[in-house]
Amino acid sequence: MASFSAIGVSGVGPSSTSFKTRDLPFSPRSLSFSSTISGEKITWKESSGSHGRAPVIVSPKAVSDSRNGQTCLDPDASRSVLGIILGGGAGTRLYPLTKKRAKPAVPLGANYRLIDIPAYASNLGGYKNEGFVEVLAAQQSPENPNWFQGTADAVRQYLWLFEEHNVLEFLVLAGDHLYRMDYERFIQAHRETDADITVAALPMDEKRASAFGLMKIDEEGRIIEFAEKPKGEQLKSMKVDTTILGLDDERAKEMPYIASMGIYVVSKDVMLDLLRDKFPGANDFGSEVIPGATSLGLRVQAYLYDGYWEDIGTIEAFYNANLGITKKPVPDFSFYDRSSPIYTQPRYLPPSKMLDADVTDSVIGEGCVIKNCKIHHSVVGLRSCISEGAIIEDTLLMGADYYEVRPRETDADRRFLMAKGSVAIGIGKNSHIKRAIIDKNARIGDNVKIINGDNVQEAARETDGYFIKSGIVTVIKDALIPSGTII
């Protein structure tokens, strides 16, 4: 059974909608989904299926995320679209990072969290508006005694709330993907093609295609067939002409497949009809509702996104995505885009302090204290404390949730900690860490080696404070690795 940690809702509601700043983990003025409607009526378009429709002539600009295109939404997205961010399931593939937190709260890129990406990587309506965010937890009710069973079921259980908002479309997003998309272009493509549902699609080469749910389109970019992780002849049958979606001839030859990104624009009346009437028992959008809508003859359109995208649902993908931000000269994903900034919870931490440290090809978060050590090709999270002589290579340090009051400089302090059988939060003296993830508040003693010298690929040592997945050592949050330990 899938469980969802939260559904984030951002967009526009009636003028009576309000929120309290103290209830939010971030500043409301940073939101980009915004504005309210005061006595304004939105004109609805009829969208009951493809019957009686004239053929739609589709231009590549209408079905691809081209940076050269311009958006002209009427009404604009900030007044007519409700964003729904799905918080993710149990996070079993990211375990042990999800042992003590929901998947959207997993730290990312030194200062951020996974949920910050879909919440702020858009430019929906600009930054001048306020908007709102509501966190909707899974719940049980007399009408529905079950927890969320999947993506579609999660949305269905809150339709009573979503339908109150005077909007044209729902924008359904995933909370565990790393990408930056212009959602206004996505919505514009949905409207220009007169679609009932628009699915964001990623071009794929043959090597990667078999790991994804693939889609087949006709000459108008309309989805006509789905296949979940096909192989062999079934995979070859899913080839499409991606020039229809805006790729040039050379790229189209390299990428003859399109995969669903699990991101959708759905017309409001269509969403209500599908989840309540047509498929009241369907739990998942990707495998049940969207293919079912196609079989009913609804216009389900593909929208090409040809940019960086990563599903960071596994330890290896999460590790690579984080280390990718250190790539030079241009990182895989940049947090430095002034046109589309990523906001997060303000923590008001002091600047990081580096004393006689050798730091290369790395990203350092806020409030760190780094002393006479070597750091290479690593991401160092906020409040990280790294002691003298330590070597950090190809590693993600998530940092700490707080500073420890007691210092580490005196022998008395060390004796005090040793008497408690503990060490201070951070990385101890002369420790060597390579190709690892160190979760928050971990206590790594002196002279510890976390290097996986035996190249172990999989190991579960939870009682010892760590796991190994895909050869990457992950030290659990709040774990203690005693001095002298070799992993």
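Buried means under 20% relative accessible area, exposed over 50%, and partly exposed in between (1.4 Å probe, protein chains only). This is a predicted model, in which local features need pLDDT of at least 70 and side-chain atom pairs count only at pLDDT 80 or more, while totals for chains, interfaces and linings use all residues. Residues are numbered from 1 along each chain as its sequence is written, and side-chain values use heavy atoms, with hydrogens and water left out.

**View A. Cysteine 368 and cysteine 385.** Cysteine 385 counts as partly exposed at 24% relative accessibility, whereas cysteine 368 is buried at 1%. The sulfur of cysteine 368 lies 7.7 Å from its closest cysteine sulfur, in cysteine 385, which is too far for a bond. The structure holds zero disulfides (pairs of cysteine sulfur atoms within 2.5 Å).

**View B. Threonine 92.** This residue sits in the loop between strand E2 (81-86) and strand E3 (107-108); strands are DSSP runs of at least two residues, numbered from the N terminus. Threonine 92 is exposed, with a relative accessible area of 61%. Its C-alpha atom is 8.6 Å from that of threonine 314, 222 residues apart along the chain.

**View C. The largest cavity.** A cavity is a set of points on a 1 Å grid over the protein atoms alone where a 1.4 Å probe fits but cannot get out; lining residues have an atom within 4 Å of a point. The volume, the space filled by probe spheres set on the points, is about 90 Å³. Of the 13 lining residues, Ser384, Gly399, Gly426, Ile427 and Ala442 are the closest to the centre of the largest cavity.

How values were computed. Helices (H or I, at least four residues) and strands (E, at least two) are DSSP runs, numbered from the N terminus. On a 1 Å grid over the protein atoms alone, a cavity is a set of points where a 1.4 Å probe fits but cannot get out, and a pocket is an open set with protein on both sides within 12 Å along at least five of seven lines; lining residues have an atom within 4 Å of a point.
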